[in-house]
Amino acid sequence: MVSISRREFLRVSGLATAASLAAACVQPVAPAQPVGAVETPPAAAPAAPTPQPEVPRYKEAPMLAQRVAQGLLPPVDDRLPENPLVVTDGADGIGRYGGNIRRAFKGVSDNPMLGYFNHRKFLEFHPDYSLRADVAEAWENNEDATVWTVHLRKGMKWSDGSPFGAADVTYFFTDVLGNKDLTPSVHRDYLTGSGDAAKVVVLDAPDDYTLVFTFAQPKPLWPYIMENRDMYQPAEYMKQFHMEKTADKAALQKAVTDAGVDSWVQYYSEKNSYYLNPERPVIWNWVASNKLSEELFVMERNPYFFHVDAEGNQLPYHDNYSFRLFETTDVFLMWIIGGEIDWQGRHVSAENYTLLMENQEKGDFHLLIGVTQEHIGLNPNHATKNPYVREFFGSRDVRIALSLALNREEINQLVWDGLLKPRQYSPLEESPQYYPKLSNAYIEYDPEKANALLDQAGYTQRDADGFRMWKDGSGRVSFVIENWFPAGTGEADSVEVAARHLAAVGVQAIYKPVERSLYTEHYLANEVECGSWGGDRTLLPITTPDIFLGMMPDRPWAGAWGLWKTNPNDPNGEPPPEGHWLWKIWEIWDQVAIEPDDAKRTALFFQILDIWAEELPMITFLGQRPTMTVVKNGLLNILDKGPGESYSASAYWDEPDKHALAVS
């Protein structure tokens, strides 16, 4: 059976009608009637059919229909690609258009929150964690996973109406990833091999909607990378800010100088940040209306967004997202309890479980409870600049002692109402890479054994207050724990309790919260002695293994070593000592990355987890932390597991008119 769209049916039917009319006009000449014969009146010509307007395939929000009527936008059928993505995930079915969703944020450094529900990648996860097409329409690979072919959606557009296609992907790989100023070191996601043998992927675009990625070695995890990374930029828009692509270098240099930034690279980065530059086109659900640096940040639906529901309604359903700036957790909680937050999991912490549960009716909201991938704990920097601390954390006996000194159950009860589970940083129980050997390594509370191991490591001298001394007697064994979690948060309180436990075995740990941007400066300069962000990415860690590889600098357990591995030219980086076990982790990962067989790949990854269980690079307190999402009553189509924020376009209000954006 051949399937044909209604639009195509009308088009073909119209051609057939015109053809039959033309044929009817070519008639043979009738013979002359005999004289006196009664002339038969000619038959009336068939009436021409009344032209019928073409029936649109898709429907749109009233606010966009109004713009179409005003001539400000093309019709919805002309804005969507030939084959838009049909979304059927919503539990509450087809939605209603209109309304605003209110959230809160902590400043420009909080911008990662926008990616949770807005960025679109080539592929995305189903709710069951299988992969499906998104920006891409389809993909396939050759037998050994060295060649991956991606098919884009024909007719897809950026938010300004300009075409989106292979040229935008080619620009990213050639002029951004391939530019040494913009990308001093290419991330391993785009490489096969390592060290001097590393080869960057080769991209070929045989036409406007086909991409062919060719790797020197097998790249079986490439689909997961395509799910995780934006591999495109609006080429025609961004070229004006690219020193090697602009038609007027002098004008660009003047713009850089006028902006007061150090280089065209910094200027380019700012112009490429859509939350700081609302003019930058996007292909995502939402378009920024102003800058994230303002107190109220507003996003509006993208009129060219390429998703529709099962009935052909263009998504998203609601008109706006608004984000209100807050500085303290108490203010944020006050907004929630006062009913001023509509949908948010970010910054909603399990430590406030009881408070929020007791105030659901008052705030007219309910809580969705799931399990987060996050772990609460320490990231001791084995390669920190302080030589005493570096030697201290470099001792396996010390790391194990610090872990045994922690009373995890006390931290859990005092800070988290017993909601978390004592465990080391490791894959979750739901993960196909779950590894109990690592999860349970050295999590028992044994201060006596901790003291013995610290003595065995050579830290036997104590000062008058009972704190241990450095081996040369030059001062107290002490290190600073740094992060951006302010006092009063569960993360900060957990570290404060842990510091008391460490003091009990003679080790002084001082927690020093800083503003997030300053923390970023510190870890990039390898100036953090010990972080306290713990770790996440534990559901499918084999797809995002940076923490296990020491290559996620904001969890700085590998410090200078991780910076060097990411970029050998980083002035703050240095290679690990010869023979260090981190080299073995990297060697095993190189095998994991090219292994096409799932079972063999996981078995290799377990070898990395064995090293972690033996060496204990990080010291984690608790994991399987509940995640709580505040959802205003009346907001529907919200995923009922996890943070429920990974897809926002199908959320809708039962009464949208009551939730319009308030503009002062």
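Which residues of helix 20 (residues 559-566) are buried? They are Gly559, Ala560, Trp561, Gly562 and Leu563, where buried means under 20% relative accessible area, exposed means over 50% and partly exposed lies in between (1.4 Å probe, protein chains only). Helices here are DSSP runs of H or I with at least four residues, strands are E runs of at least two, and both are numbered from the N terminus. The buried residues of helix 20 pack against helix 13 (387-393), helix 19 (516-524) and helix 21 (581-594).

A quick word on the model: it is predicted, so local features need pLDDT of at least 70 and side-chain atom pairs count only at pLDDT 80 or more, while totals for chains, interfaces and linings use all residues. Residues are numbered from 1 along each chain as its sequence is written, and side-chain values use heavy atoms, leaving out hydrogens and water.

Now for the cores. A nonpolar core is a set of buried Ala, Val, Leu, Ile, Met, Phe, Trp, Tyr and Cys residues joined through side-chain atoms within 4.5 Å. The largest one has 82 residues, and Leu114, Phe122, Phe173, Phe213 and Trp222 have the most contacts inside it. Helix 5 (residues 166-176) gives this core its largest share, six residues. A second, separate core of 47 residues includes Leu404, Ala405, Trp416 and Leu453.

Last stop, Ser130, in the loop between strand 3 (123-125) and strand 4 (131-133). Ser130 is partly exposed, at a relative accessible area of 30%. Leaving aside neighbours within four places in sequence, Ser130 is in contact (heavy atoms within 4.5 Å) with Glu124 and Phe125.
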